[in-house]
There are 2 protein chains.
Amino acid sequence: MAEIVKLYGLRASRFSNRINIALQLKGVEYKYYEEDLKNKSASLIKYNPIHKKVPTFVHNENPIAESLVILEYIDETWKTHPILPQHPYERAQARFWCRFMDDKVMAAAWKAFFVKEEQKQGLEEVNEYLEILEKELKGKYFGGDNIGMVDITGNFIVRWIPAIQELMGVEIFTEAKFPKLGKWSHDFATHPVVKEVLPSKEELIVAFKRFLNITN
Amino acid sequence: MAEIVKLYGLRASRFSNRINIALQLKGVEYKYYEEDLKNKSASLIKYNPIHKKVPTFVHNENPIAESLVILEYIDETWKTHPILPQHPYERAQARFWCRFMDDKVMAAAWKAFFVKEEQKQGLEEVNEYLEILEKELKGKYFGGDNIGMVDITGNFIVRWIPAIQELMGVEIFTEAKFPKLGKWSHDFATHPVVKEVLPSKEELIVAFKRFLNITN
């Protein structure tokens, strides 16, 4: 059977972007559909009736939602360029750090950006979490010599945090404060595959301005 | 090398309980250490320096945190009684529903229980999510004929929600409203392995009274 691989996404979504990166790293051929969140496609609603969210990934008509779940599926299905280590303990470590990225780093950063009354606490937390990551990063990437699932999950540190901090005037991540993460961020963003699918900071600022109804 | 398996947990923790269930289902021999959250053990702090939380699982001195990450590790390491399906698509579905349990059902229920000003919204949400689960449940268990990771992750519906709703006077889950989930809950709680490690509703009420400083 010919493989039919489809991704319903949004270019400004860090979650969608993860799936683009993984598919491109593995050289999987797929059809990408850019969604309009104010007017979701019938296909998105059909394939993801519970959440109706991007990214929704469809392989031979089997839909999958949730970016981390999709990444695991992609890694189990297409073996080239593994994004999770092979050994169970290292896999567990990688999964732990992926959850840390989402549940800790992103949650705290978004609180600092968007919840006025919790901004101070959010800033303290995200600073602490980035310090933990700064210590944790030992190789070129969190995945070692190659980009792995933790790096892909951390895409929002590379482009989304820099864009939103510029837009909102709330400083979270700078190379001066986190030199190792700064170098990692640069290496990730300039990786030949990643750079093709990572939106630019400027593009994200425009998208978030529109999303947040900021008119100036 | 002899296997040395340790679990630092809390009997009243739904997250810890998941690990006990998985280990018991697989017949893994392990040493269980009950933690006192007001006076955490030096071992817990050593093995889980970032979160210092239960459950912390240690296999041959390698520590792992986060209940869903631990469950995946256990399933990859001990093959008897698999708790995730073998096929990648079914695995993805199971992972999706595990996240749905935690990020949707539990989050909404805890909001209804503990965030006064969001109680109404929490109740509506958790009701909607339980209806989705009621439709999704097709076999005896979410895992089919055998208990799987989705069932284990749903342990809080079986005992924690019933205990806390009685304690707080906020009704979320009843057999009358969700007959299929009610039967599932009964089958899960009376499973010969599960019933040995699942705390009783009464025990949880006592524990949560203490935890919430409720004195009556």
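How many salt bridges are there between chain B and chain A? The count is 8. A salt bridge here is a side-chain nitrogen of Lys or Arg within 4 Å of a carboxyl oxygen of Asp or Glu.

## The model

This is a predicted model, in which local features need pLDDT of at least 70, side-chain atom pairs count only at pLDDT 80 or more, and totals for chains, interfaces and linings use all residues. Residues are numbered from 1 along each chain as written, chains are lettered from A and ligands numbered from 1 in written order, and side-chain values use heavy atoms, without hydrogens and water.

## Where the chains meet

Chain B gives 25 residues to the contact, and chain A gives 25 residues. Contact means heavy atoms within 4.5 Å. The two chains bury about 2,500 Å² between them, with 65% from carbon and sulfur atoms. Buried area is the accessible area (1.4 Å probe) that two parts lose on being put together, summed over both. On the chain B side, Tyr89(B), Phe96(B) and Arg99(B) lose the most area, together 25% of what that side buries.

One salt bridge joins the side chains of Glu72(A) and Arg95(B) (3.4 Å, N to O). Strand S4 (62-65), helix H3 (67-77) and helix H4 (88-114) of chain B each supply at least two residues of the side that touches chain A. H4(B) gives the largest share, 11 residues. Helices (H or I, at least four residues) and strands (E, at least two) are DSSP runs, numbered from the N terminus.

## Two domains in chain A

The domain assignment of chain A gives domain 1 (5-77) and domain 2 (88-212). Such bounds come from an automatic or database assignment. The C-alpha centres of these domains lie 21 Å apart. Domain 1 puts 15 residues into the contact, and domain 2 puts in 23 residues.

Together the domains of chain A bury about 1,800 Å², 62% of it on carbon and sulfur atoms. Arg11(A), Arg14(A) and Arg18(A) supply 34% of the area that domain 1 buries against domain 2, more than any other three residues. The count between these domains is 3 salt bridges. Arg11(A) also meets Glu203(A) in a salt bridge between side chains (2.4 Å, N to O).

## A record for chain A

The UniProt annotation "domain: GST C-terminal", from an unreviewed entry, covers residues 87-208 of chain A. UniProt annotations may be inferred rather than shown by experiment; their positions follow the numbering used here, and feature names are shortened. This span is 72% helix and 0% strand, and its end C-alpha atoms lie 39 Å apart.
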